[in-house]
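Please open the model in a viewer and have a selection tool ready. The stops below are meant to be taken in order.

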Amino acid sequence: MDARRLPIANQIRRLRFEHGEMTQSELAEKIGMTRQTIAAIEAGKYSPSLDAAFRIAHVFGVGLDAVFQWEAEA
Amino acid sequence: MSFREKSAWITLVTVLVCFGIYFGSIAAGLVSPRGFDTLHLLLACVVGLVLLQAVLTVVAAVTTPKDCRAPRDERETLIQLRSQSLGYSVLVMLVLALFIPGHLGHTVIDMMNFALLDVVLAVLTVAVAQIVMFRRGA
């Protein structure tokens with residue numbers, strides 16, 4: 001694992017493709033963020049606020065745990 | 001590249017160029033640090049900085065029209081806060097270090113140039129920190 005990678009996995013890329021191949025820009029526009037921020041979240045380089053995490057989950061119509069999973073350190 | 005990252009690059013390049021010319025000219029002895037030439041050069045560099053930043057910011061806004069109208073999102077706000085916090089720390093340390101040239105008997109004009117250099121270095125620190133954080137993700 002990349003040393004800078006946060007211990008939170010996410011399924012945003014898969015969920016985007018399951019929702020009509022939604023682009024990062026489209027998702028960003030729906031939740032009021034920039035495409036670069038969505039890319040950083042997807043890459044595990046930025047951990048979004050709880051508010052933003054709920055908004056992302058709301059766009060996909062799933063629960064928070066279907067989008068983000070905490071990866072406990074071994 | 002987002003509009004905010006472009007803005008950070010614009011700040012970095014324009015400040016480096018304009019104040020590089022100013023401080024470079026003084027360091028190279030092209031202008032007397034105590035004459036009116038220095039004041040004129042400073043005014044020219046500040047006007048050049050403002051014009052250059054205005055033109056480049058318009059170009060950046062035209063190339064990323066959506067970004068420039070949108071308010072900062074939480075990641076951009078975090079990057080702004082972290083970089084300004086770092087820049088403030090650098091500025092405080094550099095201002096405290098001003099006592100060194102003060103004790104070495106520099107003139108008031110020299111001290112003003114050192115203080116200006118402190119501000120320029122703090123601005124550059126903020127711009128570099130923003131670019132690094134934008135590149136790394138946050």
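**Colour by confidence**

This is a predicted model, so begin with the scores. The model has an ipTM of 0.81 and a pTM of 0.83. Colour chain A by pLDDT: its mean is 88, and 91% of its residues reach 70 or more. Among the elements of chain A, strand β1 (residues 8-10) has the lowest mean, 88, while α4(A) has the highest, 95. Chain B averages 90, with 99% of the residues scoring at least 70. In chain B, select helix α3 (residues 65-69), where confidence is lowest at a mean of 78, and then α4(B), where it is highest at 95. Where pLDDT is low, the predicted coordinates should not be read in detail.

**Chain B as a whole**

The C-alpha atoms of chain B fill a box of roughly 50 × 30 × 20 Å along the principal axes. Chain B has 138 residues, of which 21% count as buried. Of the contacts in chain B with a separation of 6 or more, 80% are between residues 24 or more positions apart.

**Leu12(B)**

Select Leu12(B), which is found in helix α1 (residues 3-27) of chain B. Is Leu12(B) buried, partly exposed or exposed? Leu12(B) is partly exposed, because 17 other C-beta atoms lie within 10 Å, and a buried residue would need 20 or more. Leaving out residues up to four places away in sequence, Leu12(B) touches Leu124(B), Ala127(B), Val128(B) and Ile131(B).

**Ser85(B)**

Move to Ser85(B), which lies in helix α4 of chain B. Ser85(B) counts as exposed because it has 12 C-beta neighbours inside 10 Å, and the exposed class takes in residues with 12 or fewer. Draw a distance from Ser85(B) to Val126(B): the two are 41 residues apart along the chain, and their C-alpha atoms are separated by 8.3 Å.

**Where the chains touch**

Bring chain A back. How many residues of chain B are in contact with chain A? There are 9 residues of chain B in contact with 11 residues of chain A. Helix α4 (residues 74-96) of chain B gives the most to the chain B side, with 3 residues. By class, that side has 1 nonpolar, 2 polar and 6 charged residues.

**Two helices of chain A**

Select helix α2 (residues 24-31) and helix α4 (residues 50-60), both of chain A. These helices pack at an angle of about 115°, with their axes 10 Å apart, and the crossing of α2(A) and α4(A) is right-handed. Show side chains at the crossing: Leu27(A), Lys30(A) and Ile31(A) in α2(A) meet Ala52(A), Arg55(A), Ile56(A) and Val59(A) in α4(A). By class, this contact has 5 nonpolar, no polar and 2 charged residues.

Apart from neighbours within four places in sequence, Ile41(A) is in contact with Asn10(A), Ile12(A), Tyr46(A) and Pro48(A). In soluble globular proteins, nonpolar side chains tend to be buried together.

**Last stop: Glu21(A)**

Finish at Glu21(A), in the loop between α1 (12-18) and α2 of chain A. Glu21(A) is exposed, because 8 other C-beta atoms lie within 10 Å. Check the backbone here: phi of Glu21(A) is near 50°, a positive value in a residue other than glycine. Most residues other than glycine have a negative phi.

Notes. Residues are numbered from 1 along each chain as its sequence is written. Chains are lettered from A and ligands numbered from 1 in the order in which they are written. Two residues are in contact if their C-beta atoms, placed from the backbone, lie within 7 Å. Helices (H or I, at least four residues) and strands (E, at least two) are DSSP runs, numbered from the N terminus. Ala, Val, Leu, Ile, Met, Phe, Trp, Tyr, Cys and Pro count as nonpolar, Asp, Glu, Lys and Arg as charged, and the others, Gly among them, as polar. Axes are lines fitted to C-alpha atoms, for helices over the stretch in contact, and angles run from 0 to 180 degrees between N-to-C directions. A crossing is left-handed if the near helix is turned anticlockwise from the far one by less than a right angle, and right-handed if clockwise. pLDDT is the predictor's confidence in each residue, from 0 to 100.
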